[in-house]
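Subject: Structure handover

Hi,

Here is the structure I promised you. Please open it alongside this email.

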Amino acid sequence: MKFFTFTATALSILTLPHSAASAETFKIKGTEGSDIQASKIASFNSPWAMTFIGADQMLVTTKLGKVWLVEANGTKTEVRNVPKAAVGGQGGLGDIVTHPDFAINQTVYLSYVESNDNGATRGSVVVSAKL
C-alpha cells in the first residue's frame with residue numbers, strides 16, 4: 001500500500017455562521033412532505049466526490065486531480081501534495097472518505113487512476129494519507 005502525506009494550507013479556520021455566506025439558496029421538496037433548504041457555497045471544475053470533516057468543513061475532489069478544503073462560508077483552500085492522477089475517460093482523481101477516527105488521526109482514503117507509462121496502461125489505486 002502506498003502512503004502520501006497531504007499538507008493543507010491554512011488549516012486554522014475561522015468558521016462563520018451559514019447565514020453569513022453570500023450564497024444562492026434553493027428549496028428542495030423532501031420526502032414525506034418535508035422541505036430541504038440548500039445553499040450553493042462553492043463551485044468546482046469537474047467535481048467528483050466529497051466528504052464532510054466536521055460541521056463546517058468538507059473535502060472535495062475534482063476529476064482533474066485537485067482536493068479542496070471547503071468551509072461553510074464558501075472559502076476554498078487547495079490541498080497540496082496530492083498524488084498525480086492519470087486523467088482520461090472515466091479516469092482521474094476519485095473518491096475521498098475519512099477514517100472512522102478522523103477527528104483523532106486526520107486520516108483520509110483517496111482513490112485515483114495512475115499510469116507509469118504515459119497512459120498506455122492505467123490502474124486504480126487507493127491510498128491512505130494524513131491531512
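Below are the findings, by topic.

Please keep in mind that this is a predicted model.

Core. The largest nonpolar core has 17 residues. Those that touch the most other members are L59, V67, V79, L93 and L110. Leaving aside neighbours within four places in sequence, V67 contacts L59, V60, T61, T77, E78, V79, V82, L93, I96 and L110.

Hairpin. Strands β5 (residues 47–54) and β6 (residues 57–62) run antiparallel, joined by 6 bridges. They form a hairpin, with 2 residues between them. L59 of β6 has T51 opposite.

Rings. How many aromatic pairs does the structure hold? The count is 0. K76 does meet rings, though. Its charged end sits over the ring of F44, 4.4 Å from the centre. K76 also lies over the face of W68, at 5.0 Å from the ring centre.

Backbone. Most residues other than glycine have a negative phi. Two residues here have a positive one. For N81, phi is near 65 degrees. N81 lies in the loop between β8 (76–80) and β9. N81 counts as exposed because its relative accessibility is 52%, and the cut-off is over 50%. For Q106, phi is near 55 degrees. Q106 is in the loop between α1 (102–105) and β10. Its relative accessible area is 27%, so Q106 is partly exposed.

Best wishes

Methods:
Residues numbered from 1 in each chain as written. Predicted model: local features only at pLDDT ≥ 70, side-chain atom pairs only at ≥ 80, totals over all residues. Heavy atoms only, no water. Core = buried A, V, L, I, M, F, W, Y, C linked by side-chain atoms within 4.5 Å. Buried < 20%, exposed > 50% of the residue type's maximum accessible area, 1.4 Å probe, protein only. Contact = heavy atoms within 4.5 Å. Pairing = 2+ DSSP bridges. Helix = DSSP H or I, 4+ residues; strand = E, 2+ residues; numbered from the N terminus. Phe/Tyr/Trp six-rings, centres within 6.5 Å; stacked < 30°, edge-to-face > 60°. Lys NZ or Arg CZ within 6 Å of the ring centre and 35° of its normal.
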